[in-house]
Amino acid sequence: MCGILAVFGCVDCSQAKRARIIQLSRRLRHRGPDWSGLHSEEDCYLAHQRLAIVDPASGDQPLYNEDKSIIVTVNGEIYNHKALKEKLKSHTFNTGSDCEVIAHLYEEYGEDFVHMLDGMFSFVLLDKRDKSYIAARDAIGITPLYIGWGLDGSVWFASEMKALSDDCEQFMSFLPGHIYSSKNGGLRRWYNPTWYSERVPSTPYDPLVLRNAFEKAVVKRLMTDVPFGVLLSGGLDSSLVAAVASRHLIDSEAYCQWGSQLHTFCVGLKGSPDLVAAREVADYLKTRHHEFYFTVQEGIDAIEEVIYHIETYDVTTIRASTPMFLMSRKIKSLGVKMVLSGEGSDEIFGGYLYFHKAPNKEEFHEETCRKIKALHLYDCLRANKSTSAWGLEARVPFLDKEFIDVAMSIDPKWKMIQRDIGRIEKWVLRNAFDDDEKPYLPKHILYRQKEQFSDGVGYSWIDGLKDHANKQVTDSMLANANFVYPENTPVTKEAYYYRTIFEKFFPKNAARLTVPGGPSVACSTAKAVEWDASWSKNLDPSGRAALGVHEAAYKDTK
């Protein structure tokens, strides 16, 4: 991951303004510690903090076309850059960077090229010929991007809120799958898949088609010129990522540089469910496995720094981000700069335990659509910012555009949980990789019950957070929360505690509005809470709040 900052239409174009842009860009240096770049053009600035993954030697940014009339600053990876270069044979490339294709694609096709990109990305591009500019974000919002407006009429773009919040009067999260054009004004959606309409699909389930699509998604993410590994919790999703990566590593470009043994990483409290399961999977796959431990107190001590980096006060995101934040620091210390991770599967396949209560396939499918559309506010934000805090890049094969198209076209009757015939959550995915002749994983791992990351690192982690928050927030403080925080009013002491920390770093109302709200149980949307009357009494994002489903569920509070 890299950090980008771009500003257009500044009234003040002095040397002091340039110095201010450099200062703000440095707030993103954790994302890109390898190099800093800045292009200034009259009242326009494009800054970049680089994390070098592909072509570390010559791919510094901003990037240019042949005559430097097109300038682009990019955060992300373009997995199909070699195929795109074949369509651009009349162009001369100055670097080996996968992101340089963006400048040449714009030169060739104008603004209508973003759909051609296969990858995770957010970028800002300046066309010096007419002083127009565009900005775009990937389909799902794997990479973060914010847009803001200054009182002087300037328009700002940044990878993280902290780089523009002080200088913009208003700002918001840039919508995934959208492009901003200074010529046309405003945002428009470039990503228009069939599933986005939430119409219920009818394609029959084909396990081999699903398996092949996922394997392809993993293989394309092995594009790297630096050491890498896989985040392995021992759950289904991360285990499948590790199994497929391990199986195909020998045929990848990465094998030539880094060998055939895959490195895997896991974090947890000592004795936690994830550590035990991850070790078993690692032994089965014969990976070079690294276990990292943390204590509840170490996690609590990191909370303030975590909130500063992930820029949210959402409870479940903070719970899960903290162990990931601590693990990322350890991984980076080993010299690793890129990891594969398993985010996105639960949203696509209805893997959260509350999906057990989906009343019919229509509501099941609509909920998966809502969950995917909101990923940029939750799991994508967590995975990206928790790792980028230490200059580590996370790639997420489940959120591959082609894979999502395949998975979301399946008739949702196949995804529905049906215990009476042995179909647990994500059965279609488990079954696709249930190969007796050449097993990907041991059966009991393949069919292990869903554990949310914040639960799997150790149940006492969440219990410890709640106990700590109860000591920091009084009953009176919580009783008056609606007066202090009228927007997204916290309803628990834990939520109140996180909100106070967030407000210290990001006091503007625009910052508060970047965080979603509403009731949730076991990570559900507010709509899905209606599926079970008992859930309204146990509104907690932990998987253990799925009463009657999770094997270690909370007690029903009647």
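**A friendly note on pockets, salt bridges and sheets**

1. Let us start with an open space: the second largest pocket holds about 270 Å³. A pocket here is an open set of points on a 1 Å grid over the protein atoms alone, with protein on both sides within 12 Å along at least five of seven lines, and lining residues have an atom within 4 Å of a point. Grid points are joined across faces, edges and corners, and a volume is the space filled by probe spheres set on the points. Of the 15 residues that line this pocket, His81, Lys82, Met223, Thr224 and Glu253 are the closest to its centre.

2. Before going on, please keep in mind that this is a predicted model, in which local features need pLDDT of at least 70 and side-chain atom pairs count only at pLDDT 80 or more, while totals for chains, interfaces and linings use all residues. Residues are numbered from 1 along each chain as its sequence is written, and side-chain values use heavy atoms, with hydrogens and water left out.

3. Helices (H or I, at least four residues) and strands (E, at least two) are DSSP runs, numbered from the N terminus. The pocket lining divides into five nonpolar, four polar and six charged residues. In this scheme Ala, Val, Leu, Ile, Met, Phe, Trp, Tyr, Cys and Pro count as nonpolar, Asp, Glu, Lys and Arg as charged, and the others, Gly among them, as polar.

4. The structure holds five cavities of 30 Å³ or more; a cavity is a set of grid points where a 1.4 Å probe fits but cannot get out. The second largest cavity has about 120 Å³ of space. Its lining has 19 residues, and Tyr146, Ser173, His376, Leu381 and Lys385 lie nearest the centre. Helix α12 (residues 379–388) contributes the most to this lining, with four residues. By type, the cavity lining splits into nine nonpolar, seven polar and three charged residues.

5. How many salt bridges does the structure hold? There are 42, where a salt bridge is a side-chain nitrogen of Lys or Arg within 4 Å of a carboxyl oxygen of Asp or Glu.

6. Glu304 pairs with Lys504, with the closest N and O atoms 2.7 Å apart. Glu304 lies in helix α8 (residues 296–310) and Lys504 in helix α20 (residues 493–505), so this pair ties together parts that are 200 residues apart in sequence. The side chains of Arg319 and Glu494 also meet in a salt bridge (2.7 Å, N to O). Arg319 belongs to helix α9 (residues 315–333) and Glu494 to helix α20, so parts 175 residues apart in sequence are tied together.

7. Glu304 is partly exposed at 35%, whereas Arg319 is buried at 1% and Glu494 is buried at 6%. Another pair, Arg430 and Glu425, forms a salt bridge at 3.5 Å, N to O; Arg430 is buried at 0%, and Glu425 is buried at 2%.

8. Next, an open sheet of five strands runs in the order β15-β14-β13-β16-β17, with parallel pairing. Two strands pair if DSSP finds at least two bridges between them. The edge strands are β15 (288–293) and β17 (393–395), each with a single partner strand, so one side of each has no neighbour in the sheet. Six bridges join β14 to β15, and His263 has Arg288 in β15 as its bridge partner. Five of the six residues of β14 are buried.

9. Finally, compare an open sheet of six strands in the order β2-β3-β1-β9-β8-β10, whose pairing is antiparallel. Here β2 (35–41) and β10 (170–173) stand at the edges. Within this sheet, β1 (residues 3–8) and β9 (residues 155–158) pair over four bridges, and the bridge partner of Phe8 in β9 is Val155.

Conventions:
Buried < 20%, exposed > 50% of the residue type's maximum accessible area, 1.4 Å probe, protein only.
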